[in-house]
Amino acid sequence: MNGNDKSGAATVAELAEQLRRFADERDWQRFHTPKNLAMALAGEVGELLAELQWLTPDESVHLMADAELGGRVRAEIGDVMIYLTRLADVLGIDLLSAADDKLAEAARRYPADVVRGSAAKAPRA
């Protein structure tokens with residue numbers, strides 16, 4: 001567990017287990033369908049976007065220096081993480097493995113020596 005961890009969950013797997021117990025204790029598993037969780041995740045991402053919507057690029061880079069705004073953004077990111085972790089758990093997807101796979105795919109599609117400094121989208125392979 002790292003020093004910033006206040007939840008008791010030290011790994012993604014432990015967080016998933018903690019969320020599973022949380023849902024079980026409240027008899028919420030029946031509501032945690034992939035569709036419902038994906039919709040809740042989208043809603044939380046929307047709330048995160050709303051916090052950033054009218055910031056300038058510079059303000060967005062330094063938003064954590066503002067205690068109030070930084071706290072709201074941190075809370076929304078927490079919500080996103082919770083719903084993403086719960087969705088992956090319900091679907092049986094290992095989040096770290098899925099991320100590793102996507103990063104490997106991105107490395108193939110965007111070779112550093114070819115795309116350095118460019119934000120252009122690569123064609124689908």
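1. Starting with the aromatics: searching the whole structure, which is a predicted model, turns up one aromatic pair. The partners are phenylalanine 22 and tryptophan 28, with ring centres 5.7 Å apart and planes at 70 degrees. That makes the pair edge-to-face, because planes over 60 degrees apart fall in that class.

2. On secondary structure, the protein chain has six helices and zero strands.

3. Overall dimensions next. The radius of gyration of the protein chain is 18 Å, whereas a compact globule of 125 residues would come in near 14 Å. The C-alpha trace spans about 50 × 40 × 30 Å along its principal axes.

4. How much of the protein chain is buried? Buried residues account for 20% of the 125. The protein chain exposes about 9,200 Å², with carbon and sulfur atoms supplying 60% of that area.

5. As for contacts, take those in the protein chain with a separation of 6 or more: 57% of them come from residues 24 or more positions apart.

6. Last, the charges. I see 21 negative side chains and 15 positive ones in the protein chain. The centres of the two sets lie 5 Å apart.

Conventions:
Residues numbered from 1 in each chain as written. Predicted model: local features only at pLDDT ≥ 70, side-chain atom pairs only at ≥ 80, totals over all residues. Heavy atoms only, no water. Helix = DSSP H or I, 4+ residues; strand = E, 2+ residues; numbered from the N terminus. Rg over C-alpha atoms; globule rule 2.2 N^0.38 Å. Buried < 20%, exposed > 50% of the residue type's maximum accessible area, 1.4 Å probe, protein only. Contact = heavy atoms within 4.5 Å. Areas by Shrake-Rupley, 256 points an atom, 1.4 Å probe, with all protein chains shown as cover. Lys, Arg positive; Asp, Glu negative; His and termini not counted. Charge placed at Lys NZ, Arg CZ, Asp CG, Glu CD. Phe/Tyr/Trp six-rings, centres within 6.5 Å; stacked < 30°, edge-to-face > 60°.
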